[in-house]
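Please examine the sequence and the structure shown below.

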Amino acid sequence: MDYHLKTPVPEDEIRKLKMGDLVYVTGTVITARDEAHLKALELHEKGEKLPVDFKDVGVFHCGPIMKKVDGEWTVIAAGPTTSARMEIFQDNFIETFRPALIIGKGGMGDRTSKACQEYGCAYGAFTGGAALLAARGIKKVREVHWLEELGMPECLWVYDVEDFGPMIITIDTHGNNMTQDVKEQVTARMEKIMAEMEG
Amino acid sequence: MTEISKIVEDTAVELLRIAVTELPTEYVKVLEEAMEETEGAVGKAQLTNILENVVIARENSKPMCQDTGIVAFMVKLGDGFPLRSEVREILIKATRRATEEVPLRPNAVDMFKGNTRDNVGLNGHVPIIYFDLVEGDDLELIALPKGGGSTNIAAHRMLKPGLGMKGVKQFVIEALSNAGSLGCPPYFVGVGIGGGEDLCMKLAKEALLKPFRVRSEYQKVAAIEAELLEKVNELGIGAMGLGEGPTALDLHVKMAARHPASLPVGVVISCWALRHARAVISSDGEVEIDKSV
C-alpha cells in the first residue's frame, strides 16, 4: 500500500502501516543523528526544554550538505545516514519524544522495533545515497539549532517537506522488521557458504 | 604561486567535483542492468531511486550523496615533475576550496574542538594523501572521497597462517555478511592479503580502484576474485540490504608477501557510489582527466 502522511501524524495512522508499505510525508521532518540524539536526551533528563518538538513528526537520520544563499539556508543534498548507530538510544528517544516516524537507511534492531510497537512509531527506509531525491522533497528550511556547537552534519535542521519519499516501511508497529528478517537469512547463507568453502 | 601549482590545485578541485557529482558511466550501466534484472519490487525500487538520483547529480552538478566522505588523494609523483613536497599543501588547499565550491560536507572532526568545517585536520593527516614515487615526468592524481557508512564496515583480521587461503576467503564472506545493509549495497569490495597489519588495509583500499570487472593478471588470484564475488552475491543481502538485487558489483584482490607467522587480511568496502576521478598532469602543465574505471 502507498500512504501519504501529513504531520502531525496521529498514532492510529502509524499503526495502520505494515512492513513493505510505501510512505510519503508532508509537513515537518527534523534531522537528528548521533550527537543530536545524545544532546536531546541529556537535556530532557536535566529537565530542560528542547528547541524543537519531535512529537508526531518525522525524525530524519541525516547529516545534510547545506549552503547559505542570499542569507537563507538551502539544501544541497540530504540523504539518510546509517540508522544502526542510533540503535543504542533510539528506543529511549521514541519513548521520550514520541515521534511518528524514524527515517533513515540500513534498518534498525530489536530495541527500536520494540519501542515502535509500544509507542506507535514506524521506521521508513529511504534509499541510501539518494541525497538529491531526498532534497527534492524538502521545500523549506524552517529552523536550525545547535549548528555552532555540533556542526552542519550533526545539528538539528527543521524542514518543511512535501511528499518526501518514497520510504519503505521496514519496521512497523506489529513487530515486523524487514532488515532483521533479511539479516537472519544472510547469516544462515553465510554459515552454509563457510561450511562448504574449499581451500 | 607558480603556474604549475595552480594547475595542480585547480585539477584537484575539479577531480573532487567530478568524483562526487558524476558516477562513472560503467557503474551506471551495470546498475541499470541490475535494475532490469531484479524481480522483487522492493529491490527494483531501490535501484530505480539510485539511478534517478545519479541523473539529477550529473545534470545539476550536485553531490549524489550528502556524505562526501573523508577526502583522500592517491598521488603518483614522477621523478621529473617540477613539484615535490609542496604537492601536500596544494592538495590541502584544494580540499578547502572544494569544500566551499562543490560544495562538500565538512567531515573532518577534531575530537576535542569539533568539526573543523573545511575537511582539513588534525596534524596534517586529513585529507588522506598516499604518495608514490614513480618514474617519468607526470603527476597522477586520483581523488577518492569515501563515505562514513561504508568505511565503518571495513574489516581487518590477523589470521593464523595455518588457516591458509580457505581462512582468508571465509573471513571475506564473514565481513560481507556482517556488513549487511549498513554500508549502502550493492557494494564494491577490495581485499588485501599479506604485507602487514597496515599494508593489507591499504592494498584493500587500492583494490577498489582496479579496472572494473577485469580480473587479476595472476590466474590464481583471478580465480579467488571470481569465486568470492559469486559467493558474496549468494549471501543475498541485496540492494540496500532489503534482500533483492545484487549484493556486490565487483571484487578485487591485491596481495603482498607476508611474514611467516602472520596472515593479515583487510576488507575495504565501498557503497554503490564508488566515487573517484583521475587526472594526469604533465611536467609542462597539460592536464588529462580520465573518467574511465
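Does Arg117(B) count as buried, partly exposed or exposed? With a relative accessibility of 43%, Arg117(B) is partly exposed, because that class covers values between 20% and 50%. The model described in this report is predicted.

## Overall form of chain A

Chain A contains seven helices and nine strands. Its radius of gyration is 17 Å, close to the 16 Å given by the globule rule for 199 residues, so chain A is as compact as a globular protein of that length. Along the principal axes, the C-alpha trace of chain A spans about 60 × 40 × 35 Å.

Of the 199 residues in chain A, 62% count as buried. Among the contacts in chain A with a separation of 6 or more, 66% are made by residues 24 or more positions apart.

## Surface and charge of chain A

The accessible surface of chain A comes to about 8,300 Å². Carbon and sulfur atoms account for 48% of that surface.

Chain A carries 23 positive and 32 negative side chains. The centres of these two sets of charges lie 3 Å apart.

## The interface between the chains

How many residues of chain B are in contact with chain A? There are 45 such residues in chain B, and they are in contact with 43 residues of chain A.

The area buried between chain B and chain A is about 3,700 Å², and carbon and sulfur atoms give 64% of this area. On the side of chain B, the residues that lose the most area to chain A are Gln66(B), Arg105(B) and Leu242(B). Together, these three residues provide 16% of what that side buries.

## A buried alanine in chain B

Ala273(B) belongs to the loop that runs between β9 (263–270) and β10 (277–281) of chain B. The relative accessible area of Ala273(B) is 3%, and this residue is therefore buried, the cut-off being under 20%.

Which residues are in contact with Ala273(B), leaving aside its neighbours within four places in sequence? They are Leu23(B) and Met64(B).

## Cis peptide bonds

In chain A, the peptide bond from Thr7(A) to Pro8(A) is cis, with omega near -5°. Pro8(A) is located in the loop between β1 (2–6) and α1 (11–16) of chain A.

In chain B, the peptide bond from Val102(B) to Pro103(B) is cis, and its omega is near -10°. The loop that holds Pro103(B) lies between α4 (86–101) and β2 (109–110) of chain B.

## Residues with positive phi

Arg98(A) is not a glycine, yet its phi is positive, at about 55°. This residue is found in the loop between α3 (87–97) and β6 (101–104) of chain A. Arg98(A) has a relative accessible area of 29% and is partly exposed.

Arg117(B), with which this report began, also has a positive phi, near 70°, in a residue other than glycine. Arg117(B) lies in the loop between β3 (114–115) and β4 (128–134) of chain B.

Definitions and conventions
Residues are numbered from 1 along each chain as its sequence is written. Chains are lettered from A and ligands numbered from 1 in the order in which they are written. This is a predicted model: local features need pLDDT of at least 70, side-chain atom pairs count only at pLDDT 80 or more; totals for chains, interfaces and linings use all residues. Side-chain values use heavy atoms; hydrogens and water are left out. Helices (H or I, at least four residues) and strands (E, at least two) are DSSP runs, numbered from the N terminus. The radius of gyration is taken over C-alpha atoms; the globule rule is 2.2 Å times the number of residues to the power 0.38. Buried means under 20% relative accessible area, exposed over 50%, partly exposed in between (1.4 Å probe, protein chains only). Contact means heavy atoms within 4.5 Å. Accessible areas come from the Shrake-Rupley method with a 1.4 Å probe; for residues, only the protein chains shown count as cover. Lys and Arg count as positive and Asp and Glu as negative; His and the chain ends are not counted. The place of a charge is taken as NZ of Lys, CZ of Arg, CG of Asp or CD of Glu. Buried area is the accessible area (1.4 Å probe) that two parts lose on being put together, summed over both.
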